[in-house]
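Trainee: Could you take me slowly through the way parts of this structure pack together, with a close look at one pair of helices?

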Amino acid sequence: MIEGRVWRYGDDVNTDVIFPGKYTYQPLTPEEMATHALEDLDPSFAKEVKPGDVIVAGTNFGCGSSREQAATCLKAAGVAAVIAKSFSRIFFRNAINNGLPVIELKEGIDEIEKGDTVKIDFQNGIVIHEGNEYHFPALPAEVLAILEDGGLIPHVRKELGKG
Amino acid sequence: MGMTFAQKILAQKAGLDHVAPSQIVTVTPDFCMSHDNTAAISKIFAKIGVDRVKDPERFVIVLDHTVPASTEKYALGHKEIRQFVAQQGIEHFYDGGVGICHQVLPEKGFALPGTLILGSDSHTTTYGAFGAFSAGIGRSEMAVLYATSKIWLKVPESFKIVVHGRLREPVTSKDLILRIIGDIGADGALYRSVEFTGEAIAEMSQASRMVLSNMAIEMGAKNGYIAPDDKTFRFLEGRAVRKYYPVYPDPDAEYEKVLEFDASSLGPQVAKPHTVDNVSPVEEVAGTKIDQALLGTCTNGRLEDLRLAARILKGKKIAKGVRMLVLPASQEVLLDALAEGLIETFVRAGALVLNPGCGPCLGAHQGVLAPGEVCLSTANRNFKGRMGSREAEIYLASPATVAASALTGVITDPREVFEGGAK
């Protein structure tokens, strides 16, 4: 169970506004990437985000480029989870592969505002907001295993006996 | 019940008789593509603890995003990639200047019917125009493919998009795909396998089909398949790196949705800032002043695009105050354009011709926009901040609309200037 402060965004938040293209071929550490997180959508985010914060958004979160830094920078910024009505396919995979929990939730999401607090019960698939409980579907076992191992690389290291 | 293209090819690659949507399968791609991001991927690969790339022959690496290097950091990235390629014995390596990955893979014969191709670039969907199942993945996944040659994929539901009628010149496949995305939305085909079919698609050149598959990702699709036909097989003659076996959907396959469009009534379309689905007929935005016109990218930098633009620009001058950038999609396109005199037409009209590459499209290299500037581009994305300043605006259109607008300095209906004729 985690409890986090909400950053609220709309539909179609694309990877260019999460992590601008001009930085994508520069060798940056995840911590450096975090300083550019959401730079072209909300410049206040990178300055004020705190570990454990949660991003709540509308449909198609992470659409656009395959750039994995879009997930890496949010994880490094301390984001505990992203809750959205739907995710773009590549971002969804990149988030899991970086150990960043992504929760698809259709119901109740419009009620959640910036600065609200949400609780997430990952085990039972429940988001709690102002006393209301909203259920989200469990991830497939193969996908959950990657998230539980902390991302794709530790997961594969384990599978290959390099753990 | 028969299977869709996605079901059929993923079943085949997973060694199963039948797969259903939502099923997770483990597959080995025929080919894997990466570009300048190979520097970062090779570093992730090193963390896995495996010394050798398992099957070097599966990997195709094309330097195209920041070529030639404009900063020491980019130069270092390229150097690391060249070292990695040499150490690991990766033979399918194309250094900067050969072209944009999504043009180079088809030209060099990797985009083959019935193959599974994954690339660490979202526009990897382009190879669907050759009857491949091709999709974008992340850097970590590509690093794991180096180590294991295996990846999991979920079998998607499928949409069929039927396009009736024929496009009327100068309306192109770019106008068609903008209209489709405008109608169904940026998440309209989220996580779906899209199959394009119908008279308009059958009539289209192979290059025009690539525009549809390229932009399938802009409506959220996992892949954008077009049934390979004689045009496809002819394109691949003398190019294909190996024998291929086309895969077609079963006639009784089950589609989640069938969407129908009419090409014959379609006019030029423009996607307005800052989303690709913010689409209007060109008439509604005509007169909008532009500072930069961009012809090129993995969407519309092919010979037929350059030909169409050159027909409009020949013997004329680009408007004062407008910068026009032309980037052929590959060396092969550049050579053909030179032979046909198209490059001379562009230069005489006042355009700036750049080397084949991706640079300006993603704001990483060349042609970036200042605050307040407007660019009309043949690219596939108009997201805020993509081409430089977040205070700049990007409009997307076909090569004909971009060329016509470069002449006037404002967004212009290409039917007004095409062949000097009226509408």
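Predicted model: local features only at pLDDT ≥ 70, side-chain atom pairs only at ≥ 80, totals over all residues.

Mentor: Helix 12 of chain B, which covers residues 303–313, packs against helix 14 of chain B, residues 342–349, at an angle of about 45 degrees, and their axes lie 9 Å apart. Helix 12 of chain B passes helix 14 of chain B in a left-handed crossing. On the side of helix 12 of chain B, the contact is made by B:Leu303, B:Leu306, B:Arg307, B:Ala309, B:Ala310 and B:Leu313, while helix 14 of chain B contributes B:Leu342, B:Thr345, B:Phe346 and B:Ala349. Sorted by class, these residues are eight nonpolar, one polar and one charged.

Turning to the nonpolar cores, the largest has 83 residues, and the members that touch the most others are A:Phe45, A:Ile55, A:Phe61, A:Leu74 and A:Phe91. Leaving aside residues up to four places away in sequence, A:Leu74 touches several residues, among them A:Ile18, A:Ala37, A:Val79 and A:Leu100. A second, separate core has 60 residues, including B:Val60, B:Ala263, B:Ala271 and B:Val276.

Lastly, helix 8 of chain B, residues 206–215, is mostly covered, with 10 of its 10 residues buried; among them are B:Gln206, B:Arg209 and B:Asn214, as well as B:Val211 and B:Leu212.

Definitions and conventions:
Residues numbered from 1 in each chain as written. Chains lettered and ligands numbered in written order. Heavy atoms only, no water. Core = buried A, V, L, I, M, F, W, Y, C linked by side-chain atoms within 4.5 Å. Buried < 20%, exposed > 50% of the residue type's maximum accessible area, 1.4 Å probe, protein only. Contact = heavy atoms within 4.5 Å. Helix = DSSP H or I, 4+ residues; strand = E, 2+ residues; numbered from the N terminus. Axes fitted to C-alpha atoms, helices over the stretch in contact; angles between N-to-C directions. Left-handed = near helix turned anticlockwise from the far one by under 90°. Nonpolar A, V, L, I, M, F, W, Y, C, P; charged D, E, K, R; others polar.
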